[in-house]
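The sequence and the structure are shown first, for reference throughout.

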Amino acid sequence: MEPPKEIKKLREEVVNRIAAGEVVQRPANALKELIENSIDAKANNIQITVKNGGLKLLQIQDNGTGIRKEDFPILCERFTTSKLKEFEDLSSISTYGFRGEALASISHIAHLTITSKTKKDVCAHQARFVDGVMQGATKAVAGNQGTIITVEDLFYNMNVRRNALRSVADEYARISDVVSKYAVHNAGIGFALKKSGGNNDIRTPPKASHIDNIRVIYGNTIARELTEFSWEDPTFKFKSHGFITNVNYSTKKFVFLLFINHRLVECTNLKKCIDQVYTTYLPKNMHPFVYLSLELDPITVDVNVHPTKHEVHFLNEEQIIESVCGGLEKKLLGSNNSRVFYTQA
Ligand code: ADP
Ligand code: MG
């Protein structure tokens, strides 16, 4: 029998890369974190540029508060954040990310360049980051107020991952899905998405309504059949608001945009229940379009558990789902009485 092999400690750089690969599984995950950072920075204009499904280039430019020059050196270290100071803050946190991990993670698995200008700055500052460390000093460059995060060659040091994500079109579709959903939810923020050198594939104006954004992104066939939905439940302390298609509209694939406490998430149980409510009204195997924003007591939900953990669970989940679906049922009953038939003009 062979003697046991020596146990060795992995190099720190390798450990960090593995951890970062967990946080960022594909370009769309990274983009979601970056969009949330821009929203946290109070931007009302967010432009995204992509090359090769985000694997070659993923760039996001915002007109938010910017980052102070003094903060650049520690910007990409793990657990550096401007959003959380004490553990107690966790329960009352209202900003999106709070773990100070997104930028750090990206710097371990891509070439990261950050350019930023605050209102006070006379020019923008720029630096490159590798494995959490700023390379040299910041450089003064021309720029507008706000921040540009440039992520190049994602997974350049993770061959297996890079090879697993071979479909550029699929990665772009996922990116487009994330941008579409955040654009609908964040009426008041203008979003643009384009492929490098191309025209905008998505563009929403900064001052538009949810319905306008849905029309621009998902089309008028959906937008003209939307009803506003609002539902509150004091017992389980939650509020919900959104736009749902009425009984005149149906589609083969259920389009469901779900935000819980303003973070894009998935909740299979809620999705199933909503789909079930519609079965009474829609033709067999057909589904609705539903955009729903749920605001739960932050103490009962940890939507930030893990950046890739899209599927959320929360306290009193069953009762809350039942309550929301009860509200939807009422709304649909009402809309069923005003069924409209369109004729071709
Ligand atoms: P977190 O968002 O959890 O704090 P991140 O790694 O995503 O951690 O970001 C670290 C910090 O960098 C943020 O707390 C914020 O201060 C700053 N930052 C990141 N992106 C932006 C941005 N687009 N505009 C302004 N500041 C930003
Ligand atoms: Mg963040």
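## Overall picture

In this predicted model, buried residues account for 36% of the 345 residues in the protein. The secondary structure comprises nine helices and 13 strands. When contacts in the protein between residues at least 6 apart in sequence are considered, 67% of them join residues at least 24 apart.

## Helix α3

Helix α3, which spans residues 102-109, has eight of its eight residues buried, so it is largely enclosed by the rest of the structure. Those buried residues are Ala102, Leu103, Ala104, Ser105, Ile106, Ser107, His108 and Ile109.

What do the buried residues of α3 pack against? Their partners include two helices, α1 (12-23) and α2 (27-40), together with the strands β3 (111-117), β4 (124-130) and β6 (146-152).

## Val168 in helix α5

Val168 belongs to helix α5, which covers residues 168-185.

Once the neighbours within four places in sequence are left aside, Val168 is in contact with Asn52 and Gly53. With Gly53 the separation along the chain is 115 residues, yet the C-alpha atoms of Val168 and Gly53 are separated by 4.5 Å.

How values were computed. Residues numbered from 1 in each chain as written. Chains lettered and ligands numbered in written order. Predicted model: local features only at pLDDT ≥ 70, side-chain atom pairs only at ≥ 80, totals over all residues. Buried ≥ 20, exposed ≤ 12 C-beta atoms within 10 Å, placed from the backbone. Helix = DSSP H or I, 4+ residues; strand = E, 2+ residues; numbered from the N terminus. Contact = placed C-beta atoms within 7 Å.
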